[in-house]
Amino acid sequence: MTTIPQGQPRRRNLVGWLPFIRHYIEMVLAMAIGMFALMPLWTVALQATGAPHLLDHAEPMALAMATDMAIGMGAWMAFRRHGWRDIAEMTAAMYLPFVIFFPVTLAGAMTSGALMVAGHALMLAVMLRRRDHYGYRRAARPVVLSVVRRASAGLGSARPSMAKEA
């Protein structure tokens, strides 16, 4: 165990948090892109069905937003080669925090703004609960690059047999 001499400040180990912070920023960006890209589709779909004001209520708005965030985040996690279990877990973390607070909101004890803050805080809590999983360093290997590498490895092994035939 390392001891720190009296009077010297303790150094916080920020380096251990950097992979988690990077992952968190990636998830926030992916969710924001999902909301930005998909929210207009909700507007068009609800106008077409004759319910354009449905998203004026906190609960349907939270579900639409959770869907947009889950699609954006799930696509990015799949691109970063996370497992389907992890994607399903984080997708559930998009919905459950809001659903938990729906009765409180419907009873009038919580505003829609408080619903959004509380829901997002619980999402972060899920990620912090699994910090060891989401905060480890791993090389980003997009699916496209791994397919190219596999294909080129397969071609490399086929070349000697082609040379023997010639």
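What share of the 166 residues in the protein chain is buried? Buried residues make up 31% of them. The structure is a predicted model, and its protein chain has six helices and zero strands.

**Overall fold**

- Read from one end of the sequence to the other, the chain follows the pattern α-α-α-α-α-α, with no strand in it.
- Among contacts in the protein chain with a separation of 6 or more, 72% are between residues 24 or more positions apart.

**Nonpolar core**

- The largest nonpolar core contains 24 residues. Within this core, the residues with the most contacts are Met-69, Met-73, Met-90, Met-94, Phe-98 and Leu-115.
- At least two core residues come from each of helix H1 (18-48), helix H2 (58-79), helix H3 (84-106) and helix H4 (112-129).
- Helix H2 gives the most to this core, supplying eight residues.
- Leu-115 touches Ala-58, Ala-62, Phe-98, Phe-101, Phe-102, Thr-105 and Met-110, when residues up to four places away in sequence are not counted. One of these partners, Phe-98, is itself listed with Leu-115 among the residues with the most contacts inside the core.

**Largest pocket**

- The volume of the largest pocket is about 190 Å³.
- Helices H1, H2, H3 and H4 are the elements that give two or more residues to its lining.
- In total, 14 residues line the largest pocket. Tyr-24, Val-28, Met-31, His-120 and Met-123 are the lining residues that lie nearest its centre.
- By residue type, the lining of the largest pocket divides into 13 nonpolar residues, one polar residue and no charged residue.

- Is Arg-80 buried or exposed? Arg-80 counts as buried because its relative accessible area is 14%, which falls under the 20% limit.
- The side chain of Arg-80 is joined to that of Glu-26 by a polar contact of 3.3 Å.
- Arg-81 has a relative accessibility of 33% and therefore counts as partly exposed.
- The phi angle of Arg-81 is near 70°, which is a positive value in a residue other than glycine.

- Leaving aside residues up to four places away in sequence, Leu-46 touches Ala-51, Pro-52, Leu-54 and Leu-55.

- The C-alpha atoms of Leu-106 and Ala-58 are 9.0 Å apart in space, while the two residues are 48 residues apart in sequence. Ala-58 is also one of the residues that Leu-115 touches.

- With a relative accessible area of 28%, Arg-131 is partly exposed.
- Which residues does Arg-131 touch, not counting those up to four places away in sequence? The partners are Gly-16, Trp-17 and Phe-20.
- Arg-131 and Ile-21 are 110 residues apart along the chain, and their C-alpha atoms are separated by 9.7 Å.

How values were computed: Residues numbered from 1 in each chain as written. Predicted model: local features only at pLDDT ≥ 70, side-chain atom pairs only at ≥ 80, totals over all residues. Heavy atoms only, no water. Core = buried A, V, L, I, M, F, W, Y, C linked by side-chain atoms within 4.5 Å. Buried < 20%, exposed > 50% of the residue type's maximum accessible area, 1.4 Å probe, protein only. Helix = DSSP H or I, 4+ residues; strand = E, 2+ residues; numbered from the N terminus. Contact = heavy atoms within 4.5 Å. 1 Å grid on protein atoms, 1.4 Å probe; cavity = no way out; pocket = protein on both sides within 12 Å on 5 of 7 lines; lining within 4 Å. Points joined across faces, edges and corners; volume = space filled by probe spheres on them. Nonpolar A, V, L, I, M, F, W, Y, C, P; charged D, E, K, R; others polar. Polar contact = N/O pair within 3.5 Å; in protein donor to acceptor, adjacent residues only side chain to side chain.
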